[in-house]
Every structure is written in structure tokens, then in C-alpha cells.
Amino acid sequence: MKIYDLHSHSNFSDGTLSPEDLVKRAKEFGVEALALTDHDTVAGTASAKQAALSQGIEIISGVEFSCTWENQLIHMVGLNIDEHATSIQLGVQQNSERRHERAQRMHQDLIKHGVDIREQVAHILRDGASPARPHFAQALVEKGVVKDLKRAFKQFLVRGKPGYIPVAWPPLEEVASWILSAGGTPVLAHPARYKFTRTKLIRLIHDMQAVGVHCLEVSTCTTEAHQSKMLADLAREHELMASIGSDFHSPDQPWAALGAAPALPKDLQPVWAAF
Ligand code: AMP
Ligand code: MN
Ligand code: MN
Ligand code: MN
């Protein structure tokens with residue numbers, strides 16, 4: 001069976017590799033079909049596709065949208081989208097505005113708490129990449145405010161800490177419609193990450209299905225085996241398709257290597273059946 005990795009990031013969002021280097025690395029790691037799913041942008045897709053031509057690897061157009069469900073942030077991956085579709089262009093523009101506005105407010109909030117990273121923030125905003133919290137975390141490390149990224153996300157940038165600014169991300173149904181209108185397949189990203197109870201996850205599944213979302217990301221590198229088993233059971237019970245992806249961001253994070261998510265159970269309907 002073909003090796004799929006349907007969740008990865010480039011430096012067009014919070015990944016560290018260019019799309020070209022990402023594709024090259026995916027090939028080296030044995031991936032045969034890769035989806036680039038940057039946060040709220042499709043700007044790296046063209047370069048990834050171009051690079052894939054010479055590497056002999058298939059690129060599936062993708063995106064990872066932030067959205068809101070029951071007042072909480074969830075991530076919705078869109079796979080096999082037409083990245084030029086009006087709905088995607090509109091969606092990335094809207095969420096990009098939210099990200100830029102949040103970045104300014106994060107900067108102001110950090111200043112209020114005595115942390116001035118204005119040079120780094122100027123760089124982050126000039127860069128053109130989708131501004132994300134890991135950029136701020138990296139800036140805090142570079143500035144010597146914290147020792148590493150882990151501490152940056154413990155002492156800053158999260159709820160209740162300096163630099164945390166909540167965002168009114170669009171609702172689940174709106175994001176699902178962006179992806180569906182672009183001919184894509186919406187997928188609930190890393191369902192275990194939200195730490196929902198099983199009951200709550202089932203409520204989310206019902207709400208998803210009502211708006212045309214019929215796929216769970218069952219296997220990722222950071223989903224533990226017992227969680228993947230629970231997700232596979234939910235996929236069976238609710239007749240959902242299953243997706244697999246590393247959520248690769250950087251070679252510095254060897255626990256989320258390209259192509260390294262455990263294979264999907266054979267009886268589940270893989271998401272690529274819908275492509
Ligand atoms: P954002 O979408 O800008 O709010 O940033 C979320 C991204 O930050 C996620 O996709 C992860 O890549 C990263 N992230 C979130 N929490 C942590 C954490 N505790 N440690 C490291 N990276 C994190
Ligand atoms: Mn990320
Ligand atoms: Mn995510
Ligand atoms: Mn991701």
C-alpha cells in the first residue's frame with residue numbers, strides 16, 4: 001500500500017522547511033503521497049507541487065484551518081482541495097487577517113508584561129508566512145527570555161499567560177463549507193489533542209456530520225496507541241473515513257517525522273478513497 005502523509009507544515013506557516021525541502025525530505029523518508037497542510041494558508045502549495053515533479057512524489061493540496069466549536073479552538077484539515085477556489089481564497093484571507101491582528105495584540109500584551117520583541121515581531125510580520133504562536137515562541141528563545149520552545153509555551157502564549165490573545169475563529173460549519181465548496185474533504189485534525197471526553201467527542205462528530213464532515217484523523221505521530229484505537233472505534237461506529245498524517249513541523253522534532261504515523265487499521269475506509 002502507498003505511504004501517505006496527509007498532514008505537514010512548511011515555512012509558509014509554522015514549519016521550518018521550505019516547501020521544496022519538505023518535499024525532498026518526505027521522499028527521503030519514504031512518503032509517496034504528501035499533503036502540505038499549512039495553518040490558514042495555501043501559499044506554499046505551488047512550490048511543493050513544482051518540487052514534487054522532480055522528486056516523483058504525489059502532492060495533495062491541503063490546508064489546516066483554525067475554527068471554533070462550542071467556544072473552543074479545533075483544527076480542520078482540508079484535503080484534495082482546489083487551492084484556487086474562491087471559498088479557499090476567502091477563507092485563508094479571513095483567517096490570515098485574524099492571525100495578523102492577533103500577532104499585533106500578542107506583541108502589545110508582551111510589552112505590557114515587560115517583554116519587548118519588536119524586532120522579531122517586525123520580522124515575523126514582514127516574512128509573509130502565516131504568523132503563528134511558534135514564531136513568537138522562537139522569538140522569545142532568540143531574545144533569551146526563555147531557554148527553549150517548551151518553556152515559551154509554558155510561561156507565555158497560552159491561556160492565562162502573557163502574550164495569549166484569544167481569537168474568534170470562524171465556526172465549524174463555515175470552515176467545512178470553505179473546504180467542501182473547493183471540492184475537498186474536511187478532516188477533524190488530531191482529535192485526541194483537544195482532551196475532550198468520549199461523550200463530547202461524539203457530540204462533535206454529530207455536529208460535524210450535520211455539516212458534511214465525515215473524516216477523523218485517526219493516526220498522527222503524537223496520538224498514543226490507545227487513543228488511535230478509540231478513534232478507530234469511533235470511525236467504525238459512526239461510519240467515518242480515517243486519515244493519517246505526521247503533523248510534521250521540523251527536523252528538530254524527531255517525534256513527528258514525515259511518514260512516521262502508524263498505518264491505519266485495514267478495515268477503515270481511508271480518506272483517499274474520496275479523492
Ligand atoms: P497558532 O495556530 O498560531 O495558535 O499556533 C498553534 C501551533 O503552535 C500548533 O499548530 C503547534 O504547532 C504549536 N504549539 C501549540 N502548543 C504547543 C506547545 N505546547 N509546544 C510546542 N508547540 C505548540
Ligand atoms: Mn503548527
Ligand atoms: Mn493542528
Ligand atoms: Mn498541523
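What spacing do the donors of the manganese ion (ligand 2) follow along the chain? They run D-x24-H-x209-H. Before you click around: this is a predicted model, where local features need pLDDT of at least 70, side-chain atom pairs count only at pLDDT 80 or more, and totals for chains, interfaces and linings use all residues. Residues are numbered from 1 along each chain as its sequence is written, chains are lettered from A and ligands numbered from 1 in the order in which they are written, and side-chain values use heavy atoms, with hydrogens and water left out.

**Stop one: the metal.** Select ligand 2 with Asp-14 (OD), His-39 (NE2) and His-249 (NE2), its protein donors at 2.1 to 2.2 Å. Donors here are N, O and S atoms within 2.8 Å of the metal (3.2 Å for Na, K and Ca); water is not among the atoms, so sites may look incomplete.

His-39 is buried at 6% relative accessibility, and His-249 is buried at 14%; buried means under 20% relative accessible area (1.4 Å probe, protein chains only).

Show Cys-215, Cys-221 and Cys-67. How many disulfides are there? The count is zero, taking a disulfide as a pair of cysteine sulfur atoms within 2.5 Å. For Cys-215, the nearest cysteine sulfur is that of Cys-67, 14 Å away. Cys-215 itself is buried, with a relative accessible area of 0%. For Cys-221, the nearest cysteine sulfur belongs to Cys-215, 17 Å away. Cys-221 is buried too, at 19%.

Technical notes
Buried means under 20% relative accessible area, exposed over 50%, partly exposed in between (1.4 Å probe, protein chains only).
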